[in-house]
Amino acid sequence: MWQTFLHSLVNWDLLPLIVLSLLGGVAGFFTGLWWRHGLSKSPKLREKRRDEAFFKGIQYILSDDKDHAIEEFTKSVQIDSDTVETYVALGNLYRSKGDIERAIRIRQSIILRPNIDEEVRVRALFDLGVDYKKAGLINRALDTFLEVLTKSPSDTRTLLEIERIYEELKEWEKAYETRKRIARYTKGDHSHILAHHLVELGKASQALGDYSRAKALYKKAISTNKECVDAYLHLGDLYAERGEYKKAVSMWKKIASVDPRFTYLAYGRLESVYVNMKNIRPVEEFLKELASKNGDAFTYLALSRFLFAEGDIEGALREVGKALEVEPGLWEAKRFQGEILIQSGRDTEALAAYKELISQLDLPSLRFQCSNCGLEGEELYWQCPKCRSWDSTAPVPVRQKAGRSTV
Ligand SMILES: [Zn+2]
């Protein structure tokens, strides 16, 4: 219990919990000490001084005074260097103060001790991995976590650390394998993460020109998670790159039924292919079907662009008008409306549309927010750059101008 308690000292958010644990824990701890050593005579004073320092250290932690806590714990281990728990607490305190070098030295000293409990040694090894990671020594951190895993193969905390490092290093195959192991020991649905790992692996293969492997990986991602928007997008991109436009369109079309919030990601892609297509009917049908079903500004705008490219000026103006009715601040729609008007010789109307556009130029763009940690920004990420959770970022309804996406 004390090991767990001391281990949590680094987490200052748990202060109320620590206080509660302290009430029971301190009593138990000192009762134990009294039971074991209470009757011995000569080391009694030494133990008393050690415990006093330890207790003071705890009190300083509770009042968030890390410097004095470190001072007292150091005193405690100087009196008695056998108390591993105090070293663990010291290591955590140094880490939380940013003194990683000293934290690392303390972990190493724990690991090298003969006759210590294997559980304590493995935990110190894990802590060492966390310290290395914090110091930016990613490869050393990885090696250390892998060593923890050889001693404790089903430790999901370690597996999660390893997965995160593989993700950072873009070692997607290893990240995928690690997630599969995590899935073995943790309940819940892991398919969306596994699918993302496969898509990332597919993207890497595609970048290297290995289209057949990339295609197989995207397809595997879809069969792993039928709702993986990223997989449909990139399989569509791959088909488009290979000139298989019809297949590309049918892939992008799937996004509308999988998750309509992301359909807008398909529009720019559609535009880039239909100029090369012999038969554009599938695109037209797709856009019209969506416009009647979704009725969102991005769909109307995409349909307007399509009709304009086909020479249907009136149709284009009608659809862009609908887009602006739904989202009056959608600057892309406004700008496009101006473009249609100018190109069709309606200069006065164009001027009016542009004037309105200029007055709205400082409007915020489409924003995205992570439902897990709340991170907000103008870019869409499948994996949140802050909390690293997958599929937690989605557009937040801002009735203003359209944002761009890096996806
Ligand atoms: Zn997040």
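1. The hairpin of strand 1 and strand 2 has five residues between its strands, and Gly374 there takes a positive phi near 85°. Strands here are DSSP runs of E with at least two residues, helices are runs of H or I with at least four, and both are numbered from the N terminus. Two bridges join strand 1 to strand 2, and the two run antiparallel. Gln369 stands opposite Glu376 in strand 2.

2. A word on conventions. This is a predicted model, in which local features need pLDDT of at least 70 and side-chain atom pairs count only at pLDDT 80 or more, while totals for chains, interfaces and linings use all residues. Residues are numbered from 1 along each chain as its sequence is written.

3. Strand 1 (residues 367-370) also pairs with strand 3, antiparallel and through four bridges; pairing requires DSSP to find at least two bridges between the strands. Phe368 has Pro395 as its bridge partner in strand 3.

4. The loop between strand 2 (376-377) and strand 3 (393-396) holds Arg388, and Asp391 is in the loop between these strands too. Most residues other than glycine have a negative phi. Arg388, however, has a positive phi of about 70°, and Asp391 has a positive phi near 55°.

5. The cut-offs are 20 or more other C-beta atoms within 10 Å for buried, 12 or fewer for exposed, and partly exposed in between, with C-beta atoms placed from the backbone.

6. The C-alpha atoms of Glu168 and Arg388 are separated by 9.9 Å, although the residues are 220 apart along the chain. Glu168 is partly exposed, since 13 other C-beta atoms lie within 10 Å.

7. Beyond its neighbours within four places in sequence, Leu301 is in contact (C-beta atoms, placed from the backbone, within 7 Å) with Val320, Ala323, Glu332, Ala333 and Phe336.

8. Finally, the overall picture: the protein has 20 helices and three strands, and 37% of its 407 residues count as buried.

Notes
Contact = placed C-beta atoms within 7 Å.
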